[in-house]
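This report concerns a predicted model. Please examine the sequence and the coordinates before reading on.

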Amino acid sequence: GLMRIAPGGAMALCVTNLGNELQEATLDTAALGFTGEWRDLLSGDMMDLDGEDWRRLEGYQSRWWVAKQ
């Protein structure tokens, strides 16, 4: 995964599956301060990073999120 913090404090998170099979991310989002609702930059969907759904990535799939403003 990749975390980006802009000078103003806005955060973005990217998680990528580099394999060709379904994978589940093992990232402790709460320890990194990534909690609450985030917006998926590719689909526009809102996602609660405290949940489990975002962790499943298809082969070669990337997901980008920004904190809900």
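The model, which is predicted, contains an open sheet of five strands in the order β1-β2-β7-β4-β5, with antiparallel pairing. Its edges are formed by β1 (2–5) and β5 (46–48), each of which pairs on one side only. On average, and with direction ignored, neighbouring strands of the sheet are turned by 30° against each other.

Within this arrangement, β4 (residues 37–40) and β7 (residues 62–67) are joined by three bridges in the antiparallel sense. Arg 39 lies opposite Val 66 of β7.

Strand β7 also holds Arg 63. The side chain of Arg 63 makes a polar contact of 3.5 Å with that of Asp 40. Arg 63 is classed as buried because its relative accessible area of 13% is under the 20% limit.

Leu 41 belongs to the loop between β4 and β5. Together with Leu 2, Leu 42 and Trp 64, Leu 41 makes a nonpolar surface patch of about 390 Å².

The accessibility values of the two residues are set out below.

| Residue | Relative accessible area | Class |
|---|---|---|
| Arg 63 | 13% | buried |

How values were computed. Residues numbered from 1 in each chain as written. Predicted model: local features only at pLDDT ≥ 70, side-chain atom pairs only at ≥ 80, totals over all residues. Heavy atoms only, no water. Pairing = 2+ DSSP bridges. Helix = DSSP H or I, 4+ residues; strand = E, 2+ residues; numbered from the N terminus. Axes fitted to C-alpha atoms, helices over the stretch in contact; angles between N-to-C directions. Buried < 20%, exposed > 50% of the residue type's maximum accessible area, 1.4 Å probe, protein only. Polar contact = N/O pair within 3.5 Å; in protein donor to acceptor, adjacent residues only side chain to side chain. Patch = residues over 30% accessible without salt bridge, like charges linked within 9 Å, V, L, I, M, F, W, Y side chains within 5 Å. Areas by Shrake-Rupley, 256 points an atom, 1.4 Å probe, with all protein chains shown as cover. Salt bridge = Lys/Arg side-chain N within 4 Å of Asp/Glu carboxyl O.
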